[in-house]
Amino acid sequence: MTADPPLVLDIDGTLTRPEGWGIDPRVFDPLREWDAPVVIATGKAFPYPVALCHFIGIPELVVAENGGVVYTGDEVSFTADREAARAVAEEYRAAGYDLGWGAEDTVNRWRETEIAVNIEQPIDPLREIAAKHGLEVIDTGYAYHVKDTDPNKGEGLERIAEHVGFDLADCVAVGDSVNDVSTFEAVGRSFAVSNADELAKAAAAEVLDEVHADGTLAVLERVRDGN
Ligand SMILES: O=C(O)COP(=O)(O)O
Ligand SMILES: [Mg+2]
C-alpha cells in the first residue's frame, strides 16, 4: 500500500505564482487535502509560515529563519543567537547603509535569530561586517540573510521529523535556492523548480521544467498516493 509522502516546501520561489511573487492560490487545496505531514521550511520570520499554515488549514510544522527557529507543533526552539546579527545590522547602518525595508520593517520586526537585508542594498560591506562577527550572508534571491553558519533548514526538518515521527527518507522536498540545499540533502526525494539558483539545482535529485508553483503542483501530482 502506498501513501502520500511527507512534504517539505519552501515559500518564495516555490509556492509563489509563476510571475514570481505572491502565493499561488492553486496550492491551497492540495496542501490542505494532503494525507501526510507538510513542513514549511523558509527563510522568512516565524509568523509568516505560521500564518501560511493557518490560512491553508494545515498543522503548523515550521522551520523559519533558515533553521534558526523550529516549531514541531508542540515546541518552539531557537538554534541561533540573534545578538551577533543585530550587531551586524547596527554596524551596517552606522556605515551609512540601510536594511531597506522602511521605518517599521515588518521583515525583521519579529525575526528572532537573524537579520534580513533588502537585495537592493550593497552586499559587499554587509559581507565584510558579517565576517568580522563570525556570521555569513546568504542570498536567496529574495533577501540577504545575515546568519550563524550553523543552523539550516535541513537540521530543523530533522528535529520536526523526529518529533512527529516520520522518516526523512520518505520525504519529498521542493525548493529554489541556496537555503534549500540542506533540505535537499536531508530528504529522500528532492526537486528544484526551474527558476532555482545553481546551488539548489546542483543539490536537487531532479530539476523541474516548470517554474514556481507550477513546478510544485507538478511534483504533488507525481508523488500523490496512487500516482
Ligand atoms: O526569506 C527568503 O529570503 C526566502 O524565503 P524562502 O526560504 O521561503 O524562499
Ligand atoms: Mg525560496
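Ala, Val, Leu, Ile, Met, Phe, Trp, Tyr, Cys and Pro count here as nonpolar, Asp, Glu, Lys and Arg as charged, and the others, Gly among them, as polar. The legends below describe a predicted model.

**Figure 1. Shell around ligand 1.** The residues around ligand 1 are Asp10, Ile11, Asp12, Gly13, Thr42, Gly43, Lys44, Thr140, Tyr142, Ala143 and Asn179. By class, this shell divides into three nonpolar, five polar and three charged residues. Both domain 1 (7-78 + 151-223) and domain 2 (82-147) supply at least three residues each to the shell around ligand 1.

**Figure 2. Asp10, a member of the ligand 1 shell.** UniProt lists Asp10 under "active site" in an unreviewed entry. The residue lies in the loop that runs between strand 1 (7-9) and helix 1 (28-33). Asp10 counts as buried because it has 30 C-beta neighbours inside 10 Å, where 20 or more are required. Not counting residues up to four places away in sequence, Asp10 touches Ala41, Thr42, Val174, Gly175, Asp176 and Asp180.

**Figure 3. Lys153 in helix 5.** An unreviewed UniProt entry carries the annotation "binding site" for Lys153. Helix 5 spans residues 153-164 and contains Lys153. Lys153 has 30 C-beta neighbours inside 10 Å and therefore counts as buried. With neighbours within four places in sequence left aside, the contacts of Lys153 are Ala41, Val63, Asn66, Gly67, Asn179, Asp180, Ser182 and Thr183. Among the residues listed here, Asn179 also belongs to the shell around ligand 1.

**Figure 4. Nonpolar cores.** The largest nonpolar core has 43 residues, of which Val8, Val39, Val63, Leu157 and Ala173 touch the most other members. Val8 is in contact with Val39, Ala41, Leu157, Cys171, Ala173, Thr183 and Val187, residues up to four places away in sequence not being counted. In soluble globular proteins, nonpolar side chains tend to be buried together.

**Figure 5. Contact between domain 1 and domain 2.** The domain assignment gives domain 1 as 7-78 + 151-223 and domain 2 as 82-147. Taken over C-alpha atoms, the centres of domain 1 and domain 2 are separated by 24 Å. The contact involves 15 residues of domain 1 and twelve residues of domain 2. On the side of domain 1 that touches domain 2, six residues are nonpolar, six polar and three charged.

Terms used. Residues are numbered from 1 along each chain as its sequence is written. Chains are lettered from A and ligands numbered from 1 in the order in which they are written. This is a predicted model: local features need pLDDT of at least 70, side-chain atom pairs count only at pLDDT 80 or more; totals for chains, interfaces and linings use all residues. A residue is near a molecule or strand if its C-beta atom, placed from the backbone, lies within 6 Å of it. Domain bounds come from an automatic or database domain assignment. A nonpolar core is a set of buried Ala, Val, Leu, Ile, Met, Phe, Trp, Tyr and Cys residues joined through C-beta atoms within 7 Å. A residue is buried if 20 or more other C-beta atoms lie within 10 Å of its own, exposed if 12 or fewer, and partly exposed in between; C-beta atoms are placed from the backbone. Two residues are in contact if their C-beta atoms, placed from the backbone, lie within 7 Å. UniProt positions are given in the numbering used here, feature names are shortened, and annotations may be inferred rather than shown by experiment. Helices (H or I, at least four residues) and strands (E, at least two) are DSSP runs, numbered from the N terminus.
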